[in-house]
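Reader: I would like to understand how the terms used for this protein follow from their definitions. Could you show me the structure and then take my questions in turn?

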Amino acid sequence: MSILVTRSSMPDFEEYCEEIKKLWDSHWLTNMGVEHQQLQRELEAYLDSPHVVLYTNGHLALENVIAAMQFPKGGEVITTPFTFASTTHAIVRNGLTPVFCDVDPDTYTIDADKIEALITDRTVAIVPVHVYGNMCDVEAIDRIAKAHGLKVIYDAAHAFAVKYKGVSSVNFGDAAMFSFHATKVFNTIEGGAVCFPNDELVETLNDMKNFGIRGPERCVFVGGNAKMNEFQAAMGICNLRHLDAEIEKRKRVVERYRQHLGNVPGIKLCHPQKDVTPNYAYFPVVFDGFRATRDEVFARLGEQNITARKYFYPLTNSFECYADLPTAGVEKTPVAAYLADRVLTLPLYADLALEDVDRICDIILGE
Ligand code: T4K
C-alpha cells in the first residue's frame, strides 16, 4: 500500500452526515449560514482570537488581508522564499514587491536579524511564515515593526493551534492567516481564515469576501467572492471536536521518527522550540553529509511507494514567473537555498502507523 506525505483527517462518516443533515431542511448551503456562524464562534474561542473571518481557502484569506491594509502600490513587503507559492503570490497579486529575507538555519523561519537591513522608505509590511508550524521570532519581529512603523501579517497556514509562551499564534502581529486545506492539521476540506484584534477590519474583510454587499439593496465596495460554504464549515465543526486527539496522535508519530533519526550523522531535524506548544504539522529532515543525498532518499522511498515531498523546493524567489522581479534570485537567500536543496518532509498524519514510521526510517537508513 502506498504512503503519501499526508492524509486528511476526517470525522466518522455518520458524524459528518449528522452535522450536514440540517442543510437538507434549510436548503441554505452558503453565504454565512448557521454552520459558518457556529464554526466562526468556535474558532474564536479555540484560538483565543478577538475576530475570525472565514474564507473558502487560505490563499484568498492572505490576499484579502494584505489588500485590506491598503498599502500604496509598489510598496515593498519583507518575506521569505522558503514557503508555498501562495505567500509570495498574495503579495505580488496585490501590486506589491516581495523583498526576500533569508531564513534562520534552525527554525527555517524569517531570520529576524536580517530584516532591518532590507527596510527602505518603500517598505510597508513584513509577511513572515511560521513554516512547518515553527514559530517565527515574534518578539524580535514585533520590535522591528514598531520601530519602523510596519504592519506584520503572519502566514500562519501551518501554525493552527501552535502557542508561544501559552499565547495562541494568532495574537502576534496585525493579523494571522490560516489555511484549512485538506492537508493541514485542521481542515475544512478547502478553507482558511484571518484572525486579528482590530474591530474595524471585520467589516472590510467581510466586504472583500462577499462582493461588498451589505444588504439586498446595498453594495458599498468592489469586493470579490471568497466565502466558506456550509459543507466546509460543517467539516470544520466536526474536525475541531477531534483536533486535540489528532494532534496527540501526530505527536506519537513525530516522537517515533525522532527515536530513529534523532542521532544519525548527516541527518538534521528541527528541534522542539523553547516556549512553543507545537502542532506537529510537518516532519522536515535535512540531509547534509549523510551517505545518501536528499534526492536519493526521495527516490528510494518512491521505489517503495512512499511519497515524501520536497517542501519547499524550489524557493519562490527562483520561480520562473518571478524571473523579471529585481528582488528574485536564490543567491540573495543562501540559507534558504541550502535548505531547499537538502530538505525532505516525511509522511506525517494522525493515523500513520508506527510500524510504517519504522519501515520509512529503515528505508532512509538503508537497513
Ligand atoms: N501559505 C502556506 C505557507 C501554505 O503552505 C499554503 C498551502 C498556503 C499559504 C495557501 O493555503 P490554501 O489556499 O491552500 O488553503 C499542498 C496544499 O494544497 C496546500 O494547501 C499547502 N499549502 C501545500 C504546502 O501543500 P500540494 O500541491 O503539495 O498538494 P497535493 O495535492 O500534492 O497533496 C499533498 C498530499 O496530501 C497528497 O499526496 C495526499 C494528501 N491529500 C491531498 C489532498 C488534496 C489528502 O490526503 N487529501 C486531499 O484531499 O499542496
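Reader: How many positive and negative side chains does the protein have, and how far apart do the centres of the two sets lie?

Author: The protein has 35 positive and 50 negative side chains, and the centres of the two sets lie 1 Å apart. Lys and Arg count as positive and Asp and Glu as negative, while His and the chain ends are not counted; the place of a charge is taken as NZ of Lys, CZ of Arg, CG of Asp or CD of Glu. Please keep in mind that this is a predicted model, in which local features need pLDDT of at least 70 and side-chain atom pairs count only at pLDDT 80 or more, whereas totals for chains, interfaces and linings use all residues. Residues are numbered from 1 along each chain as its sequence is written, and side-chain values use heavy atoms, with hydrogens and water left out.

Reader: What makes the protein as compact as a globular protein of its length?

Author: The protein contains 10 helices and 15 strands, where helices (H or I, at least four residues) and strands (E, at least two) are DSSP runs numbered from the N terminus. Its radius of gyration is 21 Å, close to the 21 Å that the globule rule gives for 367 residues, so the protein is as compact as a globular protein of that length. The radius is taken over C-alpha atoms, and the rule is 2.2 Å times the number of residues to the power 0.38.

Reader: Why is Phe 186 called buried, and which residues is Phe 186 in contact with?

Author: Buried means under 20% relative accessible area, exposed over 50%, and partly exposed in between (1.4 Å probe, protein chains only); Phe 186 has 0% relative accessibility, and therefore counts as buried. Phe 186 lies in the loop between strand 8 (175-179) and strand 9 (192-196). Contact means heavy atoms within 4.5 Å, and, leaving aside neighbours within four places in sequence, the contacts of Phe 186 include Leu 39, Leu 43, Phe 160, Gly 236 and Leu 243.

Reader: Why is Glu 246 called buried although its side chain is counted as negative?

Author: Glu 246 has a relative accessible area of 15%, so the residue is buried. Glu 246 lies in helix 7 (residues 230-261) and touches Ser 9 and Ala 350, not counting residues up to four places away in sequence. Val 253 is also found in helix 7, and its relative accessible area of 1% makes Val 253 buried as well. With residues up to four places away in sequence not counted, Val 253 touches Leu 348, Tyr 349, Ala 350, Leu 352, Leu 354 and Val 357.

Reader: How do you know that strand 2 and strand 3 pair, and which way do the side chains of strand 2 point?

Author: Two strands pair if DSSP finds at least two bridges between them, and strand 2 and strand 3 (residues 97-100) pair in the parallel sense over four bridges. Within this pairing, Ile 78 stands opposite Val 99 in strand 3. In a regular strand the side chains alternate between the two faces of the sheet. In strand 2 (residues 76-79), Glu 76 and Ile 78 point one way and Val 77 and Thr 79 the other way, and all are buried.

Reader: Which residues of helix 6 are buried, and what do they pack against?

Author: In helix 6 (residues 200-209), Leu 201, Leu 205, Asp 207, Met 208 and Lys 209 are buried. These buried residues pack against helix 2 (34-47), strand 1 (51-55), helix 3 (58-68), strand 9 and strand 10 (213-215).
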